[in-house]
Amino acid sequence: MKSFTLSINRTSYTLTLNPDMPLLWVLRDVLGMTGTKFGCGKGYCGACTVLIDGEAAKSCSRPVSMVAGKSITTIEGLSPDGTHALQQAWILEDVPQCGYCQPGQIMAAAGLLNEKKNPTDADIDEAMSGILCRCGAYQRIRAAIHRAAKLQDHGGLK
């Protein structure tokens, strides 16, 4: 066991943990942040995607020892009041079906928009390729990301 200081959703946590514990378990089991979903546990499905220093990363395959001192953002921290452009666009484009992959999809899209303010279809397809949707809502996800990009141009992205 070792002590780690984690910055999650703009709050600092000092925790004593096994250095090999995946960030996903810290979020869900230690801190009770269940918005980040457990899917495959091997980094294939992307349901557990969060932002680490603004970039999309799969939390099931990141040991806590690798993320200490970095800024971590979960779906709970993206915009607690639901006013983030991606959250608005997700609603406007009626994206969610079963909803299980949606936190990972939104966080991957946030990472993309941090990198590219006006992504092309190819940019979106590449960035989102690691996040599986069992319902096949990919076309609506792409439309929502384009809409969020437009919303951010008009000041709607936090």
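The model is predicted. A search of the whole structure finds four salt bridges. Side chains of opposite charge can pair when their charged atoms come close.

**Salt bridges**
- Glu 93 and Arg 147 pair through their side chains, at 2.8 Å from N to O. Glu 93 sits in the loop between H4 and H5 and Arg 147 in helix H7, so this bridge ties together parts 54 residues apart in sequence.
- Glu 93 is partly exposed, at 21% relative accessibility. Arg 147 is also partly exposed, at 32%.
- Asp 125 bridges to Arg 142, with the closest N and O atoms 2.8 Å apart. Asp 125 belongs to helix H6 (residues 121-128) and Arg 142 to helix H7, 17 residues apart.
- Shared partners join Asp 121, Asp 125 and Arg 142 into one salt-bridge network.
- Asp 123 meets Lys 116 in a salt bridge at 3.0 Å, N to O. Asp 123 is buried at 18% relative accessibility, whereas Lys 116 is partly exposed at 31%.

**Buried regions**
- Ile 72 lies in strand E5 (residues 71-73). Its relative accessibility is 0%, so it counts as buried.
- Beyond its sequence neighbours within four places, Ile 72 contacts residues including Leu 23, Val 50, Leu 51 and Val 67. The C-alpha atoms of Ile 72 and Leu 51 are 5.6 Å apart.
- Helix H4 (residues 85-92) buries Ala 85, Leu 86, Gln 87, Ala 89 and Trp 90. Their cover includes helices H3, H5 and H7.
- Just after H4, Asp 94 has a positive phi of about 55°.

**Surface charge**
- Asp 53, Glu 55, Glu 115 and Glu 126 form a negatively charged surface patch. Asp 53 is in the loop between strands E3 and E4.

Terms used:
Residues numbered from 1 in each chain as written. Predicted model: local features only at pLDDT ≥ 70, side-chain atom pairs only at ≥ 80, totals over all residues. Heavy atoms only, no water. Patch = residues over 30% accessible without salt bridge, like charges linked within 9 Å, V, L, I, M, F, W, Y side chains within 5 Å. Areas by Shrake-Rupley, 256 points an atom, 1.4 Å probe, with all protein chains shown as cover. Lys, Arg positive; Asp, Glu negative; His and termini not counted. Charge placed at Lys NZ, Arg CZ, Asp CG, Glu CD. Helix = DSSP H or I, 4+ residues; strand = E, 2+ residues; numbered from the N terminus. Buried < 20%, exposed > 50% of the residue type's maximum accessible area, 1.4 Å probe, protein only. Contact = heavy atoms within 4.5 Å.
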